[in-house]
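Here is a short tour for a reader new to this structure. Look it over, then follow the sections below.

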Amino acid sequence: MGSQSNAFFAVPQGPHGMLVEADRDERARQEFVRSFKAFIQSDVVPGIHATYHHEVKPLFERRAGHPPRDRHEIRELMTQHPLFRNYASLQRVSQELLWDVVLDSIERTLPELVERARLRGKTSCGSLTLDPALSLPKYAVGVDIHCMPGGYGGEGGPGDVTAGALYDRGVYLYALGMMGPMNDDIGGSAAKFVRDRFPDFKPRRILDLGCTVGHSTLPFVDAFPQAEVHAIDIGPSLLRYAHARAESLGKRVHFSQQDATATNFPDGHFDLITSSILFHETSAKALPAILRETWRLLAPGGIAVHGDLPPFWAMDEFNQFMLDCETWYNNEPYWGAMREVDQVALSIKAGFAPEKVEFCMAPSAYRAAAGHDRSFEAGEFAPGNAWQVLVTRK
Ligand SMILES: C[S@@+](CC[C@H](N)C(=O)[O-])C[C@H]1O[C@@H](n2cnc3c(N)ncnc32)[C@H](O)[C@@H]1O
């Protein structure tokens, strides 16, 4: 283990009432995966950067008379290099191991976990509405995105919460704890951004699109305590877990199983609509539809804030190539393609006035406070310790 790996700060996750308890062996295996991932970032990634800048790029320039033109050309060169191949395979193996080790604890404790979720639902301050007739969008469930077994739509039987439990713990390990103990840095940063940027804005109703287990929903409950907060996703197991988790924390959220491209809410129903890391997991067809639905659902004067990772134009070609490794090695089919999309143009096409659409940087609420200045993913995941937000106003 290299000396820099300890730079990844290991805060304990939670606490909240749905956290899966790992036994001693499972904890040891989870810690191995966390350390393995930290090792890749700290000790392997710098070598990949050095190899490109000091070996692969100069050699190419000598032969071609110009530097590689774009991330595709860099990819062609780097995939021939043994060090990069080794890195790509380490990444993939670490990701598959991550889910395996978390799944062990879930499978061992599932009946108890299902019962915990059921009991939480009985004393609900928010609500949960599932729609078994909803047809789940193929782009979202046709592949196990980021290699999560069963995918977002996974449903193992009555009351199942496996997908939710898996995502919650898996994301914490993936992010090496750097999204905060509640995995809520993106939502927390976006909510803070809205309050700082629009201090007089008092939303009555808020909608979070693609909420998964509510990591990014709950910061909006805290930031706007007077608002009625709704959150939607397509996965029933995710939503059961999200609801029970929110209830265990005493947060009132109305979760429902709906497709963000066509919801059943009335026109102009929400003052604030938000999404966090939803866009890079939507298809080229779904993204414009989600923006059109956002336009329909916003009340006049309403604001939408969509947080995601930065577009390619915000970084150099090498970091584009590194960031795009998720597309190739982590079952993220829309990751690279989404970054080529002009979200501002799409928002205007969806109905927003050009002067009311902008890309902004939302400073990281958790990471800045905790003193982190490291990217936890290949390339610049949140450069400058900030998240990219698309802000559209009606
Ligand atoms: C990366 S996760 C979002 C994470 C979550 N917003 C957070 O910040 O923790 C993407 C989520 O979007 C959901 N999703 C994808 N397409 C959707 C759609 N058309 N309607 C609703 N949810 C969708 C997936 O099921 C998945 O739970």
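Ala-231 stands opposite Phe-255, a residue of β4. This is a predicted model. Another pair links β4 to His-230: the bridge partner of His-230 there is His-254. In total, 4 bridges join β3 and β4. The two strands pair in the parallel sense.

How does the chain get from β3 to β4? The path runs through helix α8, residues 236-248. This β-α-β crossover is right-handed.

## Strand β1 beside β4

β4 also pairs with β1. Strand β1 covers residues 127-129, and β4 covers residues 254-257. They run parallel, with 3 bridges between them. One of the residue pairs is Thr-129 with Ser-256, its bridge partner in β4.

## The whole sheet

These strands belong to an open sheet of 8 strands. The order is β1-β4-β3-β2-β5-β6-β8-β7. Pairing in the sheet is mixed. Which strands lie at the edges? They are β1 and β7, the latter spanning 357-363. Each of the two pairs on one side only.

Neighbouring strands are also turned against each other. The turn is 20 degrees on average, with direction ignored.

## Helices α1 and α3

Two packed helices are described by the angle between their axes and the distance between the axes. Take helix α1, residues 24-64, and helix α3, residues 82-122. They pack at an angle of about 165 degrees. Their axes are 10 Å apart.

Why do α1 and α3 count as roughly antiparallel? Angles over 145 degrees fall in that class. The angle here is about 165 degrees, so α1 and α3 are roughly antiparallel to each other. The crossing has a hand as well: α1 passes α3 in a left-handed crossing.

## Around the ligand

How many residues surround the ligand? There are 24. The closest are Tyr-152, Gly-210, His-215, Ser-216 and Ser-276. Two elements give two or more residues each to this shell: helix α6 (185-197) and strand β3 (228-233).

What is the make-up of the shell by class? It has 12 nonpolar residues, 9 polar residues and 3 charged residues.

Technical notes
Residues are numbered from 1 along each chain as its sequence is written. This is a predicted model: local features need pLDDT of at least 70, side-chain atom pairs count only at pLDDT 80 or more; totals for chains, interfaces and linings use all residues. A residue is near a molecule or strand if its C-beta atom, placed from the backbone, lies within 6 Å of it. Ala, Val, Leu, Ile, Met, Phe, Trp, Tyr, Cys and Pro count as nonpolar, Asp, Glu, Lys and Arg as charged, and the others, Gly among them, as polar. Two strands pair if DSSP finds at least two bridges between them. A crossover is right-handed if, with the strands pointing away from the viewer, the path from the first strand over the helix to the second runs clockwise. Axes are lines fitted to C-alpha atoms, for helices over the stretch in contact, and angles run from 0 to 180 degrees between N-to-C directions. Angles under 35 degrees count as roughly parallel, over 145 as roughly antiparallel, 65 to 115 as roughly perpendicular and the rest as oblique. A crossing is left-handed if the near helix is turned anticlockwise from the far one by less than a right angle, and right-handed if clockwise.
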